[in-house]
Amino acid sequence: MEPRKLKQDYWSYVMRQFKKNKRALIAAWMLFILLFVAVFADFIANEKPIAFKDETGWHFPIIKEYGVDLGLTKWPLKWSNINWSNQDFEQSIYPLVPYSPTTQDYNNAQFAGPFDDQDVSSTRWRHWLGTEALGRDVLSAMIHGTRIAFMVGLVSMFLATLIGILLGAVAGYYGDDRLKYSRAGIIMGLILLVPAYFYSFQSRSHLMSKAIGDSFLQFFLQIFISIFLFVGFILLAWILSRPLTKIKWLGQKVSMPIDILVQRLIEVLVSIPRLFLIIAIVAIAKPSIILVMAVIGLTSWTEIARFIRAELLKVRNLEYVEAAQALGYSNLRIMMKHAIPNSISPVLIAVAFGIASAVLVEGFLSFIGIGIPPEVLTWGKLLSLSRSAPWWFAIAPGFAIFLMVTLFNLLGEGLTDAMDPRQKK
Amino acid sequence: MLKYIFKRILIFIPTLFVISLVTFMLSVSVPGDPVEQILGGGGSAGEIGQSSSKLASERSYIDKRKELGLDLPIFYFSLSNQATPDTLYKIHRKPHKENLERLIQSYGNWPQIEKYYLSVQQLELAIADLAPDSLNADAKIGMRDEMFVLFNQDHPKQINSSLNKMKVYMGKAPSMQTIRSEYDEVVSNYQAILQEATPNKNYIPSIHFYGANNQYHQWIVKFVVGDFGISYQDGRPVKEVLWKAVGRTLLISILSIILTYLIAVPIGVLSAKNKNSTTDQIITTVLFILYSLPSFWVATLLITFFGGGDFFDWFPTYGLGNEDDGFWVKAHHLVLPLFCWTYGGLAFVSRQMRGSMINSLSQDYIRTSKAKGVSESGVLWKHAFKNSLLPIITLFASVFPLAISGSIVLEIIFSIPGMGKLAFDALGARNYPVVYTVVMFSAVVTMLGYLVADICYALVDPRISYSSKK
């Protein structure tokens, strides 16, 4: 038999190296399991049955609830105020944990412990991790908390990566000398900056602060409109400056010190204690998970930007970039298609560690009761409840945060090793 | 080199300027009214008393506000719209101002809104002046609650319902009829807002310039010459408050850094010596787990298990003891916080140590000294160890600012009145002078720390040079 040919490109090589690292591989698999729990939390821990059959046929209340939340359908009258736990359906499939995080079990309120005798009809209904003061099931809250932890980690780091790559790449590739723009364009842009800010952000601020409280979709829609308007103003500035470039002095191109600007911005962000900055911003607005994610994202892009900048500083003088320039490709295309993809790998590492730290920050914020709305139970909030609870209450939520942080740290480690050519085995 | 340092310090100035702007804007935007916080009064609607005492409390409010300089415009200029008057900053109560802003946002007609606000104030005074009698006591309390709604709500539903409720209260006692005219004034002014609405004015920008007589200017000018102001909470100079807090944070940070180095350096050497052995792997794993343990969880567990929860009552979990307590009492207080401060950094330092030790052990001079018969420990400690210490020492410069500012989490949990807790509490209490000062201080320390770290790297590693930048 012929030996199987190994793919020789960079990413297959990294994957192979990564797979050799047992710890990181296990971490990756456990993260997949946690992600599964997060995505399907509603089907794992819920007071409603996944499916049940009555005289009118099969029904799927959990799926229906998604429709209701999106405003697509409505609950039939007979289900709108129903106690799901003691129904007698012909056939029914209940989730693994028959409690929603909001279900209150009055028989087992006031911290019924996992080792205590609980007032439940069968082991099926046992609270495996106990209950909190109002009788809400801890295990169910933990399962649904996985979703929030993942969301905070992924969304905030997605935002941070976007900003980091954009600013880092621009600063690194253009440096202080390569980005040239006509004087007319710069002056026009500066003039239009005021109305651009006014119309796209200031006069819309009340809409945005309302949308933050409403829903994800609303908020992103509003942000998108704002950014769209802002870009529109910049385009307008460009169009208006076209005729002015005919005048010689105004038409001359000057280089913009974009690298210095980005560097100073990073310095400002790094110099203010990050946690304090986050607490201060979060304290301004109404508590909302979206805000927490946005703020964590907006304060954690500096590391990624530094990586990308350093890489592109090297890359921009390499032969293949010069070759692309000689072939007449635009700077944007060279950056997007060649320079950034070739220097993206350290970013992955920073993202893995960044998610770990975002989970930690969110945990701490809800631990001290800032930023997360009171009705949402997160791991951090569960942990904060433990101050007035029996000892076992502090174990599970803290361990969950620890596990998540460790797994992402291990993933980051594994990626570091896999991408390090010196580690070749 | 000197040129480089000079350049870096020169660059600090714009950065610090931006940081001062950011902190200033952030702390001013935190909702709540510092003046009310100081005077300790609730909302104006909750107070009981005649209009004279009401006016007196209003007077003291205005005086206090003036004394703190909060009656000035916030910044040199403001970008706003045609609907918003440039004198809005003169409205003294912050919640009222915010409510008026919301009204302007929806209706855009300041003259009408101003009239409405003045008439609501008149009504408040009239209610306060009502002579108490047996019939109107309940109605008066009810009226006051509704006043609070008028001052703080902007939604027509809420305003109308509270105006209707007032009508009911006024019917309850004959003496209430004396405030009828003020009430009618409010109703008609509110109707005027609704009918003569010009919301489009919100979309015409306008810029107002206020000149140097503004809050930011007043603060930054004093700050530059070292006058940090007075803490709102206890009236002490911020400088004094800050130095006390810095002292406590420094005490714990330095102790914990020393402990970290004392423990982590030998561990790093040990695992470098037995590179890739079982010992090395166990050490790495344990340190990795410690590194990933959330400090607020560990602190909570330690307090639960050793701080007099369900188990042992071995250690105090609150503060650092009194000032006149003896050494052992203070040390006793320090045990749990120090543990939490230290364990996370172990992995970081020992990994650096391991890395640089492995690097030195693979050098040629190590082989040479082994070949000439230097003992195992001699090679390890005399030759390799000495040469791998330098990068660890330079680490110190970057660890130090983190230790100064990164202590918010543990200081809050253990109630240690250091920098982190000071800043956190000040933010919650709208104690602006303390917030600015703490943030500026830690920003300066952080930037100096990075500068020192960069200089150290250059001193240690001759390959790094800052002077010849292309």
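**Figure 1. Surroundings of B:Tyr107 in the predicted model.** With 24 C-beta neighbours inside 10 Å, B:Tyr107 counts as buried; a residue is called buried if 20 or more other C-beta atoms lie within 10 Å of its own, exposed if 12 or fewer, and partly exposed in between, with C-beta atoms placed from the backbone. The model is a predicted one, in which local features need pLDDT of at least 70 and side-chain atom pairs count only at pLDDT 80 or more, while totals for chains, interfaces and linings use all residues. Residues are numbered from 1 along each chain as its sequence is written, and chains are lettered from A and ligands numbered from 1 in the order in which they are written. B:Tyr107 belongs to helix H4 (residues 94-107) of chain B; helices (H or I, at least four residues) and strands (E, at least two) are DSSP runs, numbered from the N terminus. Leaving out residues up to four places away in sequence, B:Tyr107 touches B:Ile113, B:Ile193, B:Ala197 and B:Pro199, where contact requires C-beta atoms, placed from the backbone, within 7 Å. B:Leu427, by comparison, is 320 residues from B:Tyr107 in sequence and 33 Å from it in space, C-alpha to C-alpha.

**Figure 2. Surroundings of A:Pro61.** A:Pro61 lies in helix H4 (residues 61-69) of chain A. A:Pro61 is partly exposed, with 18 other C-beta atoms within 10 Å. Not counting residues up to four places away in sequence, the contacts of A:Pro61 are A:Lys48, A:Pro49 and A:Trp79. A:Ile50 is 11 residues from A:Pro61 in sequence, and the two C-alpha atoms are 6.5 Å apart.

**Figure 3. Crossing of helices H2 and H6 in chain A.** Two packed helices are described by the angle between their axes and the distance between the axes. The axes of helix H2 (residues 22-39) of chain A and H6(A) come within 7 Å and cross at roughly 105°; axes are lines fitted to C-alpha atoms, for helices over the stretch in contact, and angles run from 0 to 180 degrees between N-to-C directions. H2(A) is therefore roughly perpendicular to H6(A), on a scale where angles under 35 degrees count as roughly parallel, over 145 as roughly antiparallel, 65 to 115 as roughly perpendicular and the rest as oblique. From H2(A), A:Leu34, A:Leu35, A:Val37 and A:Ala38 meet A:Ile143, A:Thr146, A:Arg147 and A:Phe150 of H6(A). By class, this contact has 6 nonpolar, 1 polar and 1 charged residues; Ala, Val, Leu, Ile, Met, Phe, Trp, Tyr, Cys and Pro count as nonpolar, Asp, Glu, Lys and Arg as charged, and the others, Gly among them, as polar.

**Figure 4. Nonpolar cores.** A nonpolar core is a set of buried Ala, Val, Leu, Ile, Met, Phe, Trp, Tyr and Cys residues joined through C-beta atoms within 7 Å. The largest one has 156 residues, and those with the most contacts inside it are A:Val292, A:Val359, B:Ala423 and B:Val438. Helix H6 (residues 138-174) of chain A gives the most to this core, with 18 residues. Leaving aside neighbours within four places in sequence, A:Val292 is in contact with A:Val152, A:Val282, A:Glu362, A:Leu365, A:Gly371 and A:Ile372. A second, separate core of 26 residues includes B:Met143, B:Ile159, B:Tyr169 and B:Tyr183.

**Figure 5. Contact between chains A and B.** Chain A contributes 35 residues to the contact and chain B 42 residues. On the side of chain A, the elements giving two or more residues are helix H7 (183-200), helix H11 (258-271), helix H12 (274-284), helix H17 (345-367) and helix H19 (395-419). H12(A) gives the most to this side, with 7 residues. The residues of chain A that touch chain B divide into 24 nonpolar, 9 polar and 2 charged.

**Figure 6. Two loop residues of chain B with positive phi.** Most residues other than glycine have a negative phi. B:Asn276, although not a glycine, has a positive phi of about 65°. B:Asn276 sits in the loop between helix H10 (238-273) and helix H11 (278-292) of chain B, and with 10 C-beta neighbours inside 10 Å it counts as exposed. Phi of B:Ser415, likewise a residue other than glycine, is positive and near 50°. The loop that holds B:Ser415 runs between helix H16 (408-413) and helix H17 (419-428) of chain B. B:Ser415 is exposed, with 12 other C-beta atoms within 10 Å.

How values were computed: Two residues are in contact if their C-beta atoms, placed from the backbone, lie within 7 Å.
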